[in-house]
Amino acid sequence: LRASAAGLALDAHSPLRGRDDDAFLRRVRAAREALCDLAVDPAWVAFGAQPPDEALRRYCLRYGPLHLLEVRRDDELRAAVCSIEAWMARCAQPGATLSPFRFELTIATRRLARSTLWDAWVTFLRRHAHRVDRGGATEFLQCAIAEGDAHPVTLDAERWLARRPYPQPWL
């Protein structure tokens, strides 16, 4: 699956794709589905996960929500956006920022059936993106805990911390 996703994703941008456009489009769709599978696989996107291909993991963390949005895997997109585990993994990547996700969240918010949980996460991410861009996963965790006692992001962060201690000082 990993080799298929990596090879076909690179092939999608090749100027020498061949003449059979239907076969090419089927291969691109298969690659996108494979990338979506990796983007929701906890072994690949969990905080502290160490899959065999770190570059492909970084790609899945950054572009996984976009692929989920494009192939209309809405339930998995909602779960990926409303998960502190995935955001902590994204924010822990070197040079990671939340700002690029604003565009994807705007598109998803227009298309998905909205819920209180979705609105709480999207509002949180938009409100704190500039701070998290500077401070990474530590700042994300601080913002999540400080959001409010009954806020869904805070409750998720507290559950996450109860399962695993954060590996560095964060308060």
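User: What do "buried" and "exposed" denote here?

Analyst: Buried means under 20% relative accessible area, exposed over 50%, and partly exposed in between, with a 1.4 Å probe and protein chains only. Both phenylalanine 124 and phenylalanine 140 are buried. The model is predicted: local features need pLDDT of at least 70, side-chain atom pairs count only at pLDDT 80 or more, and totals for chains, interfaces and linings use all residues. Residues are numbered from 1 along each chain as its sequence is written, and side-chain values use heavy atoms, leaving out hydrogens and water.

User: How many aromatic pairs are there?

Analyst: A pair of aromatic rings is described by the distance of the centres and the angle of the planes. Rings of Phe, Tyr and Trp (its six-membered ring) pair if their centres lie within 6.5 Å; planes under 30 degrees apart count as stacked, over 60 as edge-to-face and the rest as tilted. The count by this rule is 4 aromatic pairs. One of them joins tryptophan 121 and phenylalanine 124 edge-to-face, at 6.1 Å centre to centre and 80° between the planes.

User: Is tryptophan 121 buried or exposed?

Analyst: Tryptophan 121 counts as buried because its relative accessibility is 0%. Phenylalanine 124, at 1% relative accessibility, also counts as buried. Phenylalanine 124 also pairs edge-to-face with phenylalanine 140, at 5.5 Å centre to centre and 85° between the planes.

User: Which ring does arginine 90 lie over?

Analyst: A charge sits over a ring if NZ of Lys or CZ of Arg is within 6 Å of the ring centre and within 35 degrees of the ring normal. Arginine 90 lies over the face of tryptophan 87, 4.5 Å from the ring centre.
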